[in-house]
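Here is a short tour to read with the structure open beside you. Take the topics in any order you like.

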There are 2 protein chains.
Amino acid sequence: MAAKKAAPSAASAKAAASKRDAVTLAKIEKLAQAALKTVKAGDNPALELPVRALSNVSFNAKKRIIELGGKTQTREFFNTSMARKFMQTFLVADKCRELVLADKTVTIRQMYYLSKHTVAGSNENTFEDQGESDPIIEDLEVGIDALREELHLYANKRGLVAGPLVVNDTGDEIDLARMGRGGWGIPSICESDVLKFVRNKAKFVLLVEKVAVWQRLNEDGFWQKNECILMTSEGQAARGVRRILQRFATELNLPVYVLVDNDPWGLYIYSVLKQGSINLAYESMRMAVPNVRFLGMSSFDYKKFNLTAAVEIKLNDDDIKRAQQMKAYPWFHDKKWQREIDELLHNKFKMEVDGFLTKSVTFIAEEYIPKKLRDRDYLQ
Amino acid sequence: MAAKKAAPSAASAKAAASKRDAVTLAKIEKLAQAALKTVKAGDNPALELPVRALSNVSFNAKKRIIELGGKTQTREFFNTSMARKFMQTFLVADKCRELVLADKTVTIRQMYYLSKHTVAGSNENTFEDQGESDPIIEDLEVGIDALREELHLYANKRGLVAGPLVVNDTGDEIDLARMGRGGWGIPSICESDVLKFVRNKAKFVLLVEKVAVWQRLNEDGFWQKNECILMTSEGQAARGVRRILQRFATELNLPVYVLVDNDPWGLYIYSVLKQGSINLAYESMRMAVPNVRFLGMSSFDYKKFNLTAAVEIKLNDDDIKRAQQMKAYPWFHDKKWQREIDELLHNKFKMEVDGFLTKSVTFIAEEYIPKKLRDRDYLQ
């Protein structure tokens, strides 16, 4: 049913040029061939998928990432409770194949629409809502070992970057040192065949959680003075941010420092950057940045920098509960992290990086971060 | 108390270079001088401020913008119910003066921290939370007739742009046609002294609500093929987006088309772009773009483009209530708008622009928008 709309032949030359696309196509075709073979043999076609649940997730203390274990589940075609999901998986796989061949990308919401229709001769929709299609995408990713970016899918784009680095994005050479006050929007897909690093003069990367902090630092000339790449994730890091950060760390060998607000959410943002998330454990290898350093904002910064009551925001019940959960995570078991989280609970308040403005407008850029870097005062 | 931290003398040369800054400083100083004069005369110093409430807001049908009326309120120093706000207004004004002199900008959240402290010899904080400082900023804006951007303040930055336009932002020349898949982040402050238009080849502007739609159109080469500036507001338009759009319309004389989802929220986004908002009526003159055209997504597009049930999202009670409110707004009184909103209510469903992917991946770029433009099928 899919072949009607796409024009694979016209685009296939371009598609073939990309090794990544060729590998993805081979993986999708292998999946389809296996099912076809079973059908031809008169058997019940089935998909073998790794289980994506807490029961199959563990923290690899050596690699320092969250990993998916070996447990698998079988999804059979001739099984009333599995048939719908079985069909959906192949429908999404087929649409991804079309996207790869046409060299187009869509969001996971757009994929929902792309693959939604009423099955001919019935009242049955292929998908009722995006809550049905998103897990199928994740199944497919883990089932054929291809990130969604390789399937030409992405979640929404978020994040900005500036610094002494020249990149080439899909043919456009972009000097990230000449972005004015705006910054370059970090693309959703940051794989090396579409985004190349041309020339780098940066010595490290600073990622800040909030765009307001990024703007202050950018205006203060922080990245020029400190020869660094300045990024903001604009909250929880989108996949593009995580992937470009990993490439900065591994390909350019840059140390990465993270500056988030002093609250459990900030710790969580740092934690996902560092070792991945439980939900998406299967992509940790390609997304996590195990060497990332937590520059702040630390609960100990209150005394260290003589902050006042003006920056205190009382912890609420959710904050306390969340902080206690953090304490129990294996990747925060180390004494230094326990001490950090204990101090947050002991303070009974959280703080925002913006709170440093009670000292002065340029305190973050000119005093706080330089002192932290000079003293090597960070957690890892 | 403020003079301790800033270093106005060092920065004043640079500040003086900007005419805009000089005008703002004069306005702040006039405010202070007036109060000082009253004090010296032994009188009760007072501020005369326009009332910022629905009772003082009206729609100017000729200019097609929402305007603030002439009602004013007096804020006296020697009045227990007014003294706190009186002090706060001067405190914020003083901090803004420092920012202008130092040529720095901060968010309104950062301004809250910048001006928050415990009053010496008391337990009284200058501000308890941002809910107290934001209205004071608005008072100051309207009180001295200076936009917050002129006071070196801004709300968070949001929005991306690409297209055949070269800009110069604070000294960096940026070719918006060479942004790859990323786009340039639209700054919070888009006044002409910091952001200049260098060369333009675009024939119109298309602003889309959602970043996912922007990404699809950017990938499909929409702005190249159609010689236009492609922007996304990423939801409700931030002030930077509104201001740059107004400058595109007035300085470059470009028609502006807006493409939002087919729901009351989409209509509201369009409406704020066009005639401003009730809350911030005093800035309509500098922010509203009265000639902006509503390209879609129209409730009539469902039949016009043969969409199917796959795109229907049932209206909820809030949607219906909101749509009925929209119908009552004077700027939607025209028959064509009543018809548009009636059709939404009659459909009983809303739609997303992404829904066009049920037709094909490139339908929005290659069929929907071109047909709308060709047929001049838009509302105004």
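**A buried arginine in a loop**

A:Arg158 sits in the loop that links β6 (153-154) to β7 (160-162) in chain A. Please keep in mind that this is a predicted model.

- Is A:Arg158 buried or exposed? It counts as buried, because it has 21 C-beta neighbours inside 10 Å, and the cut-off for buried is 20 or more.
- Setting aside neighbours within four places in sequence, A:Arg158 is in contact with A:Glu234, A:Ala238 and A:Val241.
- A:Arg158 and A:Arg239 are 81 residues apart along the chain, and their C-alpha atoms are separated by 8.7 Å.

**The three-stranded sheet**

- In chain A, three strands form an open sheet in the order β9-β8-β11, and their pairing is antiparallel.
- Why does one side of β9 (172-175) and of β11 (195-200) in chain A lack a neighbour in the sheet? Both strands stand at the edges with a single partner strand each, so one side of each is left without a neighbour.
- From one strand to the next, the twist of this sheet averages 25 degrees.
- Strand β8 of chain A (residues 165-169) runs antiparallel to β11(A), and five bridges join the two. Within β11(A), the residue opposite A:Asp169 is A:Leu195.

**Strand pairs in chain B**

- Strand β8 (residues 165-169) and strand β11 (residues 195-200) of chain B pair in the antiparallel sense, over five bridges. B:Val166 has B:Arg199 in β11(B) as its bridge partner.
- β8(B) is also joined to strand β9 of chain B (residues 172-175), by four bridges, and these two strands run antiparallel. Here B:Asp169 stands opposite B:Asp172 of β9(B).
- The hairpin of β8(B) and β9(B) has two residues between its strands, and B:Thr170 in this hairpin takes a positive phi near 40 degrees.

**A pair of helices in chain A**

- Helix α12 (residues 317-328) and helix α13 (residues 335-347) of chain A have axes that come within 10 Å and cross at roughly 165 degrees.
- That angle makes α12(A) roughly antiparallel to α13(A), since angles over 145 degrees are counted this way.
- The crossing of α12(A) and α13(A) is left-handed.
- Which residues make the contact? From α12(A) they are A:Ile320, A:Ala323, A:Met326 and A:Lys327, and from α13(A) they are A:Gln338, A:Ile341, A:Leu344 and A:Leu345.
- By class, the residues in the contact of α12(A) with α13(A) are six nonpolar, one polar and one charged.

**Backbone features to look at**

- Most residues other than glycine have a negative phi, and most peptide bonds are trans. The residues below depart from one pattern or the other.
- A:His152 has a positive phi, near 65 degrees, and lies in the loop between α5 (130-143) and β6 of chain A. A:His152 is buried, because 23 other C-beta atoms lie within 10 Å.
- A:Glu227 also has a positive phi, near 45 degrees, and its place is the loop between α7 (222-226) and β13 (228-232) of chain A. With 12 other C-beta atoms within 10 Å, A:Glu227 is exposed.
- In chain A, the peptide bond from A:Gly296 to A:Met297 is cis, with omega near 5 degrees. A:Met297 belongs to the loop between β15 (293-296) and α11 (301-304) of chain A.
- In chain B, B:Gly296 and B:Met297 are joined by a cis peptide bond with omega about 0 degrees. B:Met297 is in the loop between β15 (293-296) and α11 (301-304) of chain B.

**Where the chains touch**

- How many residues of chain A are in contact with chain B? There are 47, and they are in contact with 47 residues of chain B.
- On the side of chain A that touches chain B, the elements giving two or more residues are α3 (83-102), β5 (106-107), α4 (108-114), β9, β10 (184-185) and α6 (211-219) of chain A.
- α6(A) gives the largest share of that side, five residues.
- The side of chain A that touches chain B has 17 nonpolar, 17 polar and 13 charged residues.

Technical notes:
Residues numbered from 1 in each chain as written. Chains lettered and ligands numbered in written order. Predicted model: local features only at pLDDT ≥ 70, side-chain atom pairs only at ≥ 80, totals over all residues. Pairing = 2+ DSSP bridges. Axes fitted to C-alpha atoms, helices over the stretch in contact; angles between N-to-C directions. Contact = placed C-beta atoms within 7 Å. Parallel < 35°, antiparallel > 145°, perpendicular 65-115°, else oblique. Left-handed = near helix turned anticlockwise from the far one by under 90°. Nonpolar A, V, L, I, M, F, W, Y, C, P; charged D, E, K, R; others polar.
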